[in-house]
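Subject: Handing over the structure, with notes

Dear colleague,

I am passing this structure on to you, and my notes on what was found follow directly below it. Please keep it open beside the text as you read.

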Amino acid sequence: MKRSHLIALIVIAVIVFGIIFVIKNFSVITVTFNSDVSSVTILSKSGDKTAVINKSGDKTVLTNGDYSLVPRGDKVSEDKIPITVNKIEGFDVNPPYSAEYLTSVADKSQPGIEAAFDKQFPNVINDYTIQSTTAYLKGEWIGGVLVDKRSTYNDLYDFYRFVARYETDHWQIINTPDLVLTKNNFPDVPDSVLNSINTLEQIVY
């Protein structure tokens, strides 16, 4: 075999093995996210920054292995999202809203919740204090408790839990406040919201 032919075969073999190595050890991934997310940082297993995706739908090449996706945005939680990369695939990043943002929603919504009670249950504002208002999911659900104004630390009256939903331009109290919110009485409220509201307690002094 001529020397030139041998060199050509060696080059071809190196290229083939290189392609096989890349295919087995690297993957192209696509990262998508909604408008609440401004960018996604990709961290290696050791926590080093590997890449930053600034536009939904952009691609990047990663060595196969474990990573974390960290969404960035004013409203969203920046908790790490673990992923495993071992093939060409896409990852859709849809993080929940952050606790800080939901707290601000609940605080700003207090007047609207009071207005909803005043319209739907006029006597509530006179006899009860609205407490523990908490926003859920994307801020469209709010839960809380109604504490009897006669309640004291040594003389407790029943308190009631409520759930409200934002409807276009106002808050709407769903159904009737109750001691415990059940799925039968609140079928359209997500289970996670009901379960969380049912853990809220009254605060009296």
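Glu78 counts as partly exposed, because its relative accessibility is 39% and the class takes in whatever falls between buried, under 20% relative accessible area, and exposed, over 50% (1.4 Å probe, protein chains only). The side chain of Glu78 meets that of Arg72 in a salt bridge, with 3.0 Å from N to O, where a salt bridge is a side-chain nitrogen of Lys or Arg within 4 Å of a carboxyl oxygen of Asp or Glu. Arg72 is likewise partly exposed, with a relative accessible area of 30%.

Before going further, please bear in mind that this is a predicted model, in which local features need pLDDT of at least 70 and side-chain atom pairs count only at pLDDT 80 or more, while totals for chains, interfaces and linings use all residues. Residues are numbered from 1 along each chain as its sequence is written, and side-chain values use heavy atoms, with hydrogens and water left out.

**Other salt bridges**

A search of the whole structure finds five salt bridges, and I describe some of them here. Side chains of opposite charge can pair when their charged atoms come close. Arg150 forms a salt bridge with Asp148, with the closest N and O atoms 2.9 Å apart; Arg150 is exposed, with a relative accessible area of 52%, whereas Asp148, at 6%, counts as buried.

**The protein as a whole**

The protein has four helices and eleven strands, which are DSSP runs numbered from the N terminus (helices H or I, at least four residues; strands E, at least two). Of its 205 residues, 36% count as buried. The protein exposes about 12500 Å², of which carbon and sulfur atoms supply 55%; accessible areas come from the Shrake-Rupley method with a 1.4 Å probe, and for residues only the protein chains shown count as cover. Among the contacts in the protein with a separation of 6 or more, 50% are between residues 24 or more positions apart, a contact meaning heavy atoms within 4.5 Å.

Ser27 lies in strand 1, which covers residues 26-33, and Ser27 is buried, because its relative accessible area is 4%. Although Ser27 and Asn64 are 37 residues apart in sequence, their C-alpha atoms are 6.3 Å apart in space, and a polar contact of 2.6 Å joins their side chains. By polar contact I mean a pair of N or O atoms within 3.5 Å; within protein, one must be able to donate a hydrogen and the other to accept it, and residues adjacent in sequence count only if both atoms are side-chain atoms. A polar atom of the Ser27 side chain also lies 3.1 Å from the backbone nitrogen of Lys87. Leaving aside neighbours within four places in sequence, the residues in contact with Ser27 include Thr60, Val61, Val85 and Ile88.

Thr30 is in strand 1 as well, and, not counting residues up to four places away in sequence, Thr30 touches Gly57, Asp58, Lys59, Glu89, Gly90 and Phe91.

Four strands form an open sheet in the order 8-9-10-11, with antiparallel pairing, two strands being paired if DSSP finds at least two bridges between them. The edge strands are strand 8 (128-136) and strand 11 (170-173), each of which pairs on one side only. The twist averages 30° from one strand to the next. Strand 9 (residues 141-148) and strand 10 (residues 160-167) run antiparallel and are joined by six bridges, and the bridge partner of Val145 in strand 10 is Arg161. Helix 2 packs on the sheet, where it touches strand 8, strand 9, strand 10 and strand 11, and its direction makes about 135° with that of strand 8; axes are lines fitted to C-alpha atoms, for helices over the stretch in contact, and angles run from 0 to 180 degrees between N-to-C directions.

Finally, Ser98 sits in the loop between strand 7 (89-93) and helix 2 (99-120). Ser98 is buried, with a relative accessible area of 9%, and its contacts, leaving aside neighbours within four places in sequence, are with Lys75, Val76 and Ser77.
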